[in-house]
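Here are my comments on the model you asked me to look through.

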Amino acid sequence: MAESSSSSPSEEIVRLIKRLSGYVAFKMSSLFSTPIRNLDSRSIGAIAGLAIAVIFTWRAIRTQPGEPQRRRPKRRLQSAESSSAAAASIPPDVSSPHEDNGMQDVVDQFFHPGKPTLGKIVRQRLSEGRKVTCRLLGVILEESSPEELQLKQATVRSSVMEVLLEITKCCDLYLMERVVDDESEVKVLQALETAGIFTSGGLVKDKVLFCSTEIGRTSFVRQLEPDWHIDTNPEISTQLARFIKFQLHVSAAKPERTVPNVFTSQSIEQFFGCA
């Protein structure tokens, strides 16, 4: 039997540390043998990259469990009626953005010690949720009704872009809206494309869904089974409360009836502390 097959995980980690330490020592000696004033931006970037690698390796080793972790299933089993089982299903050929959150936290701590970044705040407020569905009108768009959208061009609220882009980094985001005609769909897609959501945000047009009734939007949400749904219609929030783990109801006024798993905020920027 080959020697590599008989090595324990702890021995492999020790060898990895030795190799990394030797490489870091070699790079540091070669870098610092040059006067500081002669170091270019690439050399400084190499030092920062090495430091991040050392920090990440140390954190990974420190949190190493005594037994090998089970491989997390990429497909969720059939959910029960309880809202606690509303985790998102992930196709086998698509990696979850949630897998990179640990490394992102290390980078955030290295460059912003003691100051949480917006990305970290978003992940914390979403309770590390993997899938989010969100209404467009009144949340992402300036317009608040399908009839208003029919009469004028759609406009993406500039203040929401930063939060929206952070959500796309850590979650599988679906946008949806009720429209009265095909022209309204075209207006919405053009507005999102102009704002850069399909380029810098990583969102694809196939994840922008349209329907002709409010019941249709409710059906979209139930089929997608997100961890979070964001909406402005209190009736929809109430109907989905027992099916969806968490919801954010965007409204200037707090609704009379409140459900424990439904939060209320004047905007998603305010909910994530950006307003």
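1. A nonpolar core is taken here as a set of buried Ala, Val, Leu, Ile, Met, Phe, Trp, Tyr and Cys residues joined through side-chain atoms within 4.5 Å; buried means under 20% relative accessible area, exposed over 50%, and partly exposed in between, with a 1.4 Å probe and protein chains only. This is a predicted model, in which local features need pLDDT of at least 70 and side-chain atom pairs count only at pLDDT 80 or more, while totals for chains, interfaces and linings use all residues. Residues are numbered from 1 along each chain as its sequence is written, and side-chain values use heavy atoms, with hydrogens and water left out.

2. The largest nonpolar core has 38 residues, and those with the most contacts inside it are Ile 140, Ile 167, Leu 192 and Ile 268. Helix H7 gives the most to this core, with 5 residues; helices (H or I, at least four residues) and strands (E, at least two) are DSSP runs, numbered from the N terminus. A second, separate core of 8 residues includes Met 176, Leu 224, Ile 236 and Ile 244.

3. Helix H7, which spans residues 161-170, is mostly covered, since 7 of its 10 residues are buried. The buried residues in H7 are Met 161, Val 163, Leu 164, Glu 166, Ile 167, Thr 168 and Cys 170.

4. Leaving aside neighbours within four places in sequence, Leu 192 is in contact (heavy atoms within 4.5 Å) with Leu 136, Ile 140, Val 156, Leu 175, Ile 197, Phe 198 and Val 208.

5. A search of the whole structure finds 6 aromatic pairs, where rings of Phe, Tyr and Trp (its six-membered ring) pair if their centres lie within 6.5 Å, and planes under 30 degrees apart count as stacked, over 60 as edge-to-face and the rest as tilted. The rings of Trp 228 and Phe 263 are stacked, because their centres are 5.6 Å apart and their planes are at 25°. This pair links distant parts of the chain, with Trp 228 in strand E4 and Phe 263 in strand E6, 35 residues apart. Trp 228 counts as buried at 2% relative accessibility, whereas Phe 263 is partly exposed at 32%.

6. Phe 263 also forms a tilted pair with Phe 246, at 6.3 Å centre to centre and 45° between the planes. Ring pairs link Trp 228, Phe 246, Phe 263, Phe 271 and Phe 272 into a cluster.

7. A charge sits over a ring if NZ of Lys or CZ of Arg is within 6 Å of the ring centre and within 35 degrees of the ring normal. Lys 207 lies over the face of Tyr 174, at 5.3 Å from the ring centre, and Arg 222 lies over the face of Phe 243, at 3.6 Å from the ring centre.
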